[in-house]
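Please open the structure in your viewer and keep the selection panel at hand. The tour below goes from one selection to the next and says what is found at each stop.

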Number of protein chains: 2
Amino acid sequence: MLLQVLGTAAGGGIPQWNCACPGCSGARAHCSRRRRHASLAVRTDEGRWYLVNATPDIGDQIEAHPVLHPGPGPRRTPVAGVVLTDAELDHTLGIWRLREARGLEILATPPVRRALDERLRLSEALTPYTDLTWRELECRGARPLDPAGPASGLRISAVPVSGKRPRYAAGAPAHEAWVVALRLYDPAAGTCALYAPAVAEWSEELHRAAAEADCVIVDGTFWDDEEPRRTGISTRTATGMGHLPVDGPRGTAAVLATLSARCLYTHLNNTNPLVDPAAPQHKRLARLGVEVADDGMVIEL
Amino acid sequence: MLLQVLGTAAGGGIPQWNCACPGCSGARAHCSRRRRHASLAVRTDEGRWYLVNATPDIGDQIEAHPVLHPGPGPRRTPVAGVVLTDAELDHTLGIWRLREARGLEILATPPVRRALDERLRLSEALTPYTDLTWRELECRGARPLDPAGPASGLRISAVPVSGKRPRYAAGAPAHEAWVVALRLYDPAAGTCALYAPAVAEWSEELHRAAAEADCVIVDGTFWDDEEPRRTGISTRTATGMGHLPVDGPRGTAAVLATLSARCLYTHLNNTNPLVDPAAPQHKRLARLGVEVADDGMVIEL
């Protein structure tokens, strides 16, 4: 299994266009600290990739990685489709950018698809431009990620991790699968990856999936639960915003330290001290054997 | 008057994520040939700017220009608002990216606002994130561009240039102001700029506005009328797609050559030979005294 990390930042990216906090200012001063919106490309066959989430950065994420470049035909692209972990604008706006494709597959859970179609009119708006094909991203039962790929190819299933709706769909009905983690299984290699850029609760089901995985890439939005209140970006705690913090009694770092998988944090908010490479928090994680994912990282399992 | 050119490419940018045509491949091989989606920033006061169109590149366009960076307060931004020349996705998707702002003003003609609100649900989707304020962009009668700017500040009016609707709003009612050129007038300096990234017809009214301007930045999407058919990107001609070509009997180059204004082309498509700096077409334009705008160019009038 081949995973290409395309971005590792939470909503807004780092730096965020209207933010002069230390994390964003640091990224303006040192371009190596820039992080694009959290995203991943997953190879399903030679020259065929699915994107996990379609961020507003999608055009530049594709340009930054030659394996995703088009060719040799003038309009042939290795981007076969998009898998959505939720319906947040920062994970879906990029779909509109892909409308120049001949066709595009989107895998999403039912509430995510409904939010995009009913609240943002995605299918209606894009049908005049391209052929959209929706496929249901199913919780629990693993299915082939790429129907056109090899029979022995990657299989995907979802694990519900939060019932949090995007703000633009606040009035939509409750559903367990508003936010999911993705479980990618490679039958040929016998390896498994878990991608969970937003985790509101560390459920038993999620723990089982993490315990079985060889690689876990997980929500590192906030370092601690008070960070959003302390930095003034919200009146809620991290957990209240749908993101388990890294550190502290409800934090994920202690749990990840017990897993045998390679564990990496992604989806870092600009307020997270981890965005500064000199922050002492990096040593804390290193001692636990946990990493921070970087834009451009390649993971082979 | 101070204008900052943020981008100079037609829809998709150069390179476009799924395109391996010579123009896009050339831009992948030579990063100086990259062009972001056509956009402009207009200064209305010290540290206060309006963006002309909100492209999908908007985050990176802001990052690329320190005058648009936030600060000194943690969430203070010099970006005061957005003026739309039409409702095309490539000129409007960036609005969703600006939702982290405390508030945002959008100037648009009535059909453009209706398309965004009724077809794409813009206001409904973004109201939970920020305070959107719509102002009507009026044809003919010049009004202050920035109500919070100095009384002697820039004035703006629009000139209808096309009734072409975006594909996602194909069924919407006809209106003369689906696509407009912007006329910016600086009473303090007595100078005038005309920005027209899409021109379907060179009307008498547009010609009058161009003749009065000190600087004209105009639709250079296609070099000649047959280009879209010859390159296989469309079954229609340039004119049929709502863009007067640069060259030929219906082309704009000959008209621009008669004007006293400084004239520049923008909104170049990836099929346009002008995207190659070695193309002989550059000499043709130079002989006519007409320029091709570049990303990052500053124009002071």
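A polar contact is a pair of N or O atoms within 3.5 Å, where, within protein, one atom must be able to donate a hydrogen and the other to accept it, and where residues adjacent in sequence count only if both atoms are side-chain atoms. Between chain A and chain B, 18 residue pairs are in polar contact, both residues being at pLDDT 80 or more.

Before going on, note that this is a predicted model, in which local features need pLDDT of at least 70 and side-chain atom pairs count only at pLDDT 80 or more, while totals for chains, interfaces and linings use all residues. Residues are numbered from 1 along each chain as its sequence is written, chains are lettered from A and ligands numbered from 1 in the order in which they are written, and side-chain values use heavy atoms, with hydrogens and water left out.

**First selection: the interface**

Select the residues of each chain that have heavy atoms within 4.5 Å of the other, which is the meaning of contact here; chain A gives 49 residues and chain B gives 49 residues. The area buried between chain A and chain B is about 4200 Å², with carbon and sulfur atoms giving 53% of that area; buried area is the accessible area (1.4 Å probe) that two parts lose on being put together, summed over both.

Eight salt bridges are found across the interface of chain A and chain B, a salt bridge being a side-chain nitrogen of Lys or Arg within 4 Å of a carboxyl oxygen of Asp or Glu. Show Asp90(A) and Arg99(B), which form a salt bridge whose closest N and O atoms are 2.9 Å apart. Then show Asp60(A) and Arg36(B), whose side chains meet in a salt bridge at 3.6 Å, N to O. Asp60(A) lies in helix H2 of chain A and Arg36(B) in the loop between helix H1 (22–29) and strand S2 (39–45) of chain B, so this pair joins two chains. Helices (H or I, at least four residues) and strands (E, at least two) are DSSP runs, numbered from the N terminus.

Val159(B) stands opposite Ala181(B) in S9(B).

Most residues other than glycine have a negative phi, and most peptide bonds are trans. Center on Pro15(A), in the loop between strand S1 (2–7) and helix H1 (22–29) of chain A; the peptide bond that reaches Pro15(A) from Ile14(A) is cis, with omega near 0°. In chain B, go to Pro72(B), in the loop between helix H2 (58–63) and strand S4 (79–83), where the peptide bond from Gly71(B) to Pro72(B) is cis, with omega near -5°. Finish at Arg140(B), in the loop between strand S6 (131–136) and S7 of chain B; phi of Arg140(B) is near 80°, a positive value in a residue other than glycine.

Definitions and conventions
Pairing = 2+ DSSP bridges.
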